[in-house]
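User: I'd like to learn how to read a sheet in a model like this one. Can we go through it together?

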Amino acid sequence: MTTRPAAISRALSAMAAVTALVLASAACTTGEPPVAATSKSGLPAATAAPTPALAPYYSQRLDWQACGSLECANLRVPLDHAAPDPAKDLSLKIVRVKARDQAKRLGSLLVNPGGPGASGVSYVRGGAQTIGGPEVRRYYDLIGFDPRGVAGSDPIDCLGDKALDRYLSTDPTPDDASEEQALLTQAKAMADGCAADAPELVKHLSTADAARDMDILRAAVGDRQLNYLGKSYGTFLGSTYADLFPQRVGRVVLDGVVPPDLTSAQLGEGQARGFEIATKAYLEDCVTGSDCPLGDTVEGARKGLDQLFQQIDRQPLPTGDPSAPQLTEGWARLGVAVALYDQGAWGILTDALNQARSGSGQSLMQLADAYADRRPGGGYDGNMMESIFAVNCLDRPDSPDLSAYETYAKDFSAKAPTWGATLAWGALPCGVWKAKAAGGPHKVRAPGSDPIVVVGTTRDPATIYEWSARLRDQLDNAVLVSFDGDGHTAYGRSNTCVDSAIDAYYVQGRVPKDGLRC
């Protein structure tokens, strides 16, 4: 599953059925003036490059131009940081919302909403007034960017729209050898398509590549240290940056953690357990109402959901969409999964499941479209469902052997009966990926960094709580803020305790107490 709160929220909001996942944060009402970050160690100038060959990239100035209510610019970065060649440079799309109080401006706040593959440009364009609290937006320039290979930044395009429809509609829980082969065929189509579309770029889309780009962006906006908000996969990017450039870490928040030391199997197993926990929370809520279509008890409803998936697998449902006339199990699981990202969508999910029980897959298909950034009637906004593999498969290679996934499915399902097989087979493209993997899973320490704030939500479906604790324990200088709640990520989701602590950290530099529980 992808890990991206922002894009999902916008899609659900477009259905006029739920409020956006990222809601307005509580104001920081300390009444104290903002406090600029100061490092405990000497820093080079903001434009200082790690190597002489990278100096032209670090010294560039952004040419900001008005684009609607925002300012836009392009950032030039090398395809290969180890061997920069101007003829092969990439162009990253950047947007900015300037701090309201420029006289007391604290710097820039770079944001990444997740994925990998979510557009930071769209994130800021669609919700600039809901990212961070009012005082954060008062004193920081808000910077959104599309990482390399994503959306507006030399996007990788692996499959045509119809081919991507086929990929996503394929049975994600194969029942026999022929269905395993069908899934393998689609996995190879994804891997082959990415390699054919961008044979050089596909080798340089790892998270470490993106983190090095982010340091060039930090220099280009004139900051000596990086101030950053990373959600979901954005935590992987942020912690990788911190490990590569620990002395340049400013005020960094990592919310809904994906630790860089997870293997592909560990990521899948953890997400399976996370979605199982979130499903249980949804079902507990569902059975308290009079319209739950799955059963009268939590266990009965869980079995009812499994039976519904099985029925759809045997007999797909009509959707009313000529471009995707049938709701397959693959689409149905995406539709259910997207609603688990935010408890505000639980009512929509109940209605969609009731409709599916009555023989129509229209509402579940609409939810699946939201998950995949797919437009009703066909076509995709961005390249999320392709770039996720282009990044993950370099970061976390997997086995080419189908028997490995059979074992994963058995092991994961023992802990997560509803979601285990789906997450087990989900990494199959990384087993047949064409480009050589990057460094692979590894622990991060960020030795000598300023304090980093890690945030975890206890019933997060996509990034389980224990991963936040795991990263906090690895980092040399980090604190953990815990939110006892549902949904994916915590900051900016209407929890005043979390929001106030993070706002005060950004504006006043007050590091939350390690172990703060909200």
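User: Which residue in β6 is the bridge partner of Val111?

Analyst: Some ground rules come before that. This is a predicted model, where local features need pLDDT of at least 70 and side-chain atom pairs count only at pLDDT 80 or more, while totals for chains, interfaces and linings use all residues. Residues are numbered from 1 along each chain as its sequence is written, and side-chain values use heavy atoms, with hydrogens and water left out. Strands (E, at least two residues) and helices (H or I, at least four) are DSSP runs, numbered from the N terminus. Two strands pair if DSSP finds at least two bridges between them. Here, Val111 has Leu229 in β6 as its bridge partner. Strand β4 (residues 107-112) pairs with β6 in the parallel sense, over 3 bridges.

User: And how many bridges join β6 to β7?

Analyst: There are 5, and β6 and β7 (residues 249-255) run parallel. Leu226 stands opposite Val249 in β7.

User: Is β6 buried or exposed?

Analyst: Buried means under 20% relative accessible area, exposed over 50%, partly exposed in between (1.4 Å probe, protein chains only). In β6 (residues 226-231), 6 of the 6 residues are buried, so the strand is largely enclosed by the rest of the structure. Both faces are covered: Leu226, Tyr228 and Gly230 are buried on one side, with Asn227, Leu229 and Lys231 buried on the other.

User: In what order do the strands form the sheet?

Analyst: Read across, the order is β1-β2-β3-β5-β4-β6-β7-β10-β11-β12, an open sheet of 10 strands with mixed pairing. The edges are β1 (65-67) and β12 (516-517); each has a single partner strand, so one side of each lacks a neighbour in the sheet.

User: What about the whole chain: how many helices and strands does its secondary structure come to?

Analyst: It comes to 19 helices and 12 strands. Buried residues make up 62% of the 518 residues. Taking contact as heavy atoms within 4.5 Å, residues 24 or more positions apart account for 76% of the contacts with a separation of 6 or more. Along the principal axes, the C-alpha atoms fill a box of roughly 65 × 50 × 45 Å.
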